[in-house]
Amino acid sequence: MYSIDVLGKDFSTVVKLFKILKENMTFIDIKNGRIAQYDDSRRVVYDINLVDILGELTFNFHDMKRKIKLFETFRDDVKIEVDDKSLIIKDGYSKLTINKTDSSYCQTPYIESIDNIYDIFYKNCILKTSIPKIISDRIRVALQIFDIDSLKLKSKDGKASIMVDSLSKDQNMVFIDNIDMVENIDFEMFFPSDAFMIENEEDVSFSVHAEKKGQFLFNYNVLFDGIDINIFGLTYENN
């Protein structure tokens, strides 16, 4: 059996994080205190290190939207116990027992080769920038108003811009332009906006890496309540 004591404020932070993830992930698979898996659409990969809070905890959670409501009822310090069959969360009053889900039912399990992906980030970087918090907050509001889940990245003559068009094409907003490119490549592409739906504490680190012709790997780094979140995925040049 694995057991760990978690402070109430730290448990609340994990619950808030799960509330964000549940919008895109039905199944959360934690291995040794780390989440490393695709979202349900398989557009992006989330890599989140929770070791400082959950230690070496290993467990999987199914149907997160329903379980979150139960987690939110625990506001004080908790003890978490895990064995081969279940996870128990308890405070001085109550005990919640969740049976483990067979991971074979999960379409987006923990990615064992997650660290290999980072090797790509050390080469073929064509854009690297920091998006100020004031801009990321602006992007979050615009995405909600426009009811859209992707952003446009356009590069020309060594400068790049991040923007969004409304679905009806009657509105457009350029969030930031004149971003210096690492490599002078002209292109236009769309990429998922998942990182900007997280209420980050600091600037968002954003980079793009050339994979093959017309194929790019993008990466966000976001700090949420002291938790370091990496989000990355593959996208393609618009023809």
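Aspartate 165 stands opposite asparagine 172 in β12. Strands here are DSSP runs of E with at least two residues, helices are runs of H or I with at least four, and both are numbered from the N terminus. Two strands count as paired if DSSP finds at least two bridges between them. The model is predicted, so local features need pLDDT of at least 70 and side-chain atom pairs count only at pLDDT 80 or more, while totals for chains, interfaces and linings use all residues. Residues are numbered from 1 along each chain as its sequence is written, and side-chain values use heavy atoms, with hydrogens and water left out.

Strand β11 joins strand β12 (residues 172–180) through six bridges, and the two run antiparallel. Six residues lie between these strands in their hairpin, where lysine 169 takes a positive phi near 65°. Strand β10 (residues 150–156) also pairs with β11 in the antiparallel sense, over five bridges. Lysine 154 has serine 161 of β11 as its bridge partner. The hairpin of β10 and β11 has two residues between the strands, and aspartate 157 in the turn has a positive phi of about 55°. Strand β11 (residues 159–165) is largely enclosed by the rest of the structure, because six of its seven residues are buried. Buried means under 20% relative accessible area, exposed over 50% and partly exposed in between, with a 1.4 Å probe and protein chains only.

An open sheet is formed by four strands in the order β1-β6-β7-β8, with antiparallel pairing. Its edge strands, β1 (2–6) and β8 (95–99), each pair on one side only. Neighbouring strands of this sheet are turned by 15° against each other on average, direction ignored. Strands β6 (residues 78–82) and β7 (residues 86–90) pair over four bridges. Isoleucine 80 stands opposite isoleucine 89 in β7. Helix α1 (residues 8–21) packs on the sheet and touches β1, β6 and β7; its direction makes about 105° with that of β1. Contact means heavy atoms within 4.5 Å. Axes are lines fitted to C-alpha atoms, for helices over the stretch in contact, and angles run from 0 to 180 degrees between N-to-C directions.

The largest pocket has a volume of about 360 Å³. A pocket is an open set of points on a 1 Å grid over the protein atoms alone, where a 1.4 Å probe fits, with protein on both sides within 12 Å along at least five of seven lines; lining residues have an atom within 4 Å of a point. The volume is the space filled by probe spheres set on the points, which are joined across faces, edges and corners. Sixteen residues line this pocket, and Ile20, Glu23, Asn24, Asp194 and Met197 lie nearest its centre. Helix α5 (residues 133–146) gives the most to the lining, with three residues.
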